Amino acid sequence: MQKQLPLHVYKFGGASTKDAAALRNLVQIVRQHGRKGPLLIVVSAMGKTTNALEEIFQLAYTRQAYDSPLASLETFHRTVAQELSSGFGLHTAADIKQKFDETFQELGQYLAAVGPSQEYDKQYDQIVSFGELLSSLFISLVLNDTQPTQWLDCRPLLRTDDCWREGRIDWALTESSLRAAVLPMLQGTSVVVTQGFLGGTANGQTTTLGREGSDYTAAIFAYCLRAEAVTIWKDVAGLLNADPKFFADTVRYPEISYQETIEMAYYGASVIHPKTIKPLAVRRIPLFVKSFLDPAAEGTRIGDCQHGLLAPAFIRKDGQCLISFESKDLTFISEENLEVIFGVLAQVRLKINMMQNSAISFSVCTDFSPYRLDRLLEQLRDQFTIRYNSNLELYTIKNYDHASIRRLTEGRELLLEQRTRQTLQFVCRNMETGQ
Ligand SMILES: Nc1ncnc2c1ncn2[C@@H]1O[C@H](COP(=O)(O)OP(=O)(O)O)[C@@H](O)[C@H]1O
Ligand SMILES: N[C@@H](CC(=O)OP(=O)(O)O)C(=O)O
């Protein structure tokens with residue numbers, strides 16, 4: 001049995017890196033960790049950088065001008081660096097400028113090569129990954145100004161296949177590469193900064209792990225390096241029973257099991273990427289969700305634990321689409337035609353969030369993607385009558401009771417509903433747009 005390292009993994013997302021004040025706070029949090037042992041820091045792109053890069057990529061792909069949003073992105077990064085620079089030593093500001101010069105130049109070259117003749121998802125990864133490259137280079141230099149910090153390029157180590165935009169990890173290779181590269185670094189330096197959300201293929205191309213995948217990266221590092229704990233720093237007090245942006249009177253879970261959390265994340269509680277939990281649960285590594293706005297506060301501990309009845313959790317997923325398939329000749333929906341439908345859903349990468357069948361019709365609720373839906377329609381419209389509604393919401397209540405059901409369903413028209421002993425789910429129209 002290998003000796004457990006007292007390694008901690010911290011993950012800082014877009015909210016905790018969105019401006020100069022946020023970065024000053026990040027430096028304080030890292031300083032507070034102090035001499036508790038080595039620290040591996042996973043960072044996401046700063047603020048809304050990934051959204052901006054998606055927009056720039058879309059313009060480049062469709063051969064439209066992207067100079068203005070690209071310039072805004074560059075100005076954003078350089079302004080944050082400028083605002084921080086009064087606190088830096090002599091070399092740090094110059095080092096940051098040099099890294100930004102090199103990285104924006106490289107991004108410009110990649111963008112110039114983007115075009116519709118090549119695979120969309122593959123090119124997406126090559127461009128959108130620049131957000132994490134920029135933030136990790138920048139944050140490692142900012143931290144290095146006050147304590148020895150090394151930058152780590154995770155892409156040659158975190159090996160994925162070429163399922164672009166959702167790279168699947170080669171665990172054996174990743175574990176051995178990460179251990180060989182990172183453990184010696186952690187002995188020499190107490191802090192290492194790397195990118196969330198990114199991986200690399202066998203032939204050295206960059207992949208991404210799915211939007212909001214940096215939490216997952218933190219779990220991959222923790223699993224492979226057998227870390228003692230992972231902390232993800234968020235703008236909320238911990239894991240709450242609902243997203244406070246949409247629900248009033250939320251309550252924090254001080255402690256919650258991996259099982260409960262994985263289900264909440266799967267149903268759409270966006271505070272944690274759903275793939276984060278399994279690697280941690282396998283190695284029994286606790287996950288702390290803490291507020292970067294109040295770092296001393298308790299937050300939530302996710303781990304192996306027993307708890308009594310939990311407050312009902314409300315989870316909302318918007319941007320949903322309800323697709324129904326009906327046989328054209330009153331043939332029953334059978335295993336054979338379900339196999340055809342599932343095959344095409346998998347092929348066009350439309351994930352099923354909920355499904356139900358009746359005698360001659362089968363309904364699925366998926367995330368809405370016009371591009372993927374068109375490809376599905378092309379392949380199945382000869383065989384089935386297909387109807388769909390978009391701009392819908394999927395609500396899940398975990399550990400429901402009468403009051404929680406009433407609270408959520410009152411005044412809504414439910415288009416699809418399902419209930420198990422613990423979980424109630426329904427699809428309804430988006431009340432804000434009334435569609
Ligand atoms: N159950 C929940 N508990 C806490 N926050 C939640 C929950 N569900 C959704 N959220 C949302 O998750 C946000 C934090 O996650 P996210 O925006 O992905 O952070 P970051 O990008 O900084 O890592 C919160 O601001 C909150 O709106
Ligand atoms: N930057 C990526 C990855 C990520 O995880 O970001 P965040 O930690 O800010 O959710 C995204 O926005 O999808």
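## Two domains

How many Å separate the centres of domain 1 and domain 2, taken over C-alpha atoms? The answer is 35 Å. Domain 1 covers 8-234 and domain 2 covers 313-429, with bounds that come from an automatic or database domain assignment.

This is a predicted model, in which local features need pLDDT of at least 70 and side-chain atom pairs count only at pLDDT 80 or more, while totals for chains, interfaces and linings use all residues. Residues are numbered from 1 along each chain as its sequence is written, and chains are lettered from A and ligands numbered from 1 in the order in which they are written.

## Helix α1

Leu 23, Leu 26 and Val 30 are the buried residues of α1 (buried means 20 or more other C-beta atoms within 10 Å of the residue's own, exposed 12 or fewer, partly exposed in between, with C-beta atoms placed from the backbone). Seen down the axis, they fall within an arc of 50°, so they line one face of the helix; the arc is that of the directions from the axis to the C-beta atoms. Turned away from that buried side are the exposed residues Ala 21, Gln 28, Arg 31 and Gln 32. After α1 comes Gly 34, with a positive phi near 50°.

Definitions and conventions:
Helices (H or I, at least four residues) and strands (E, at least two) are DSSP runs, numbered from the N terminus.
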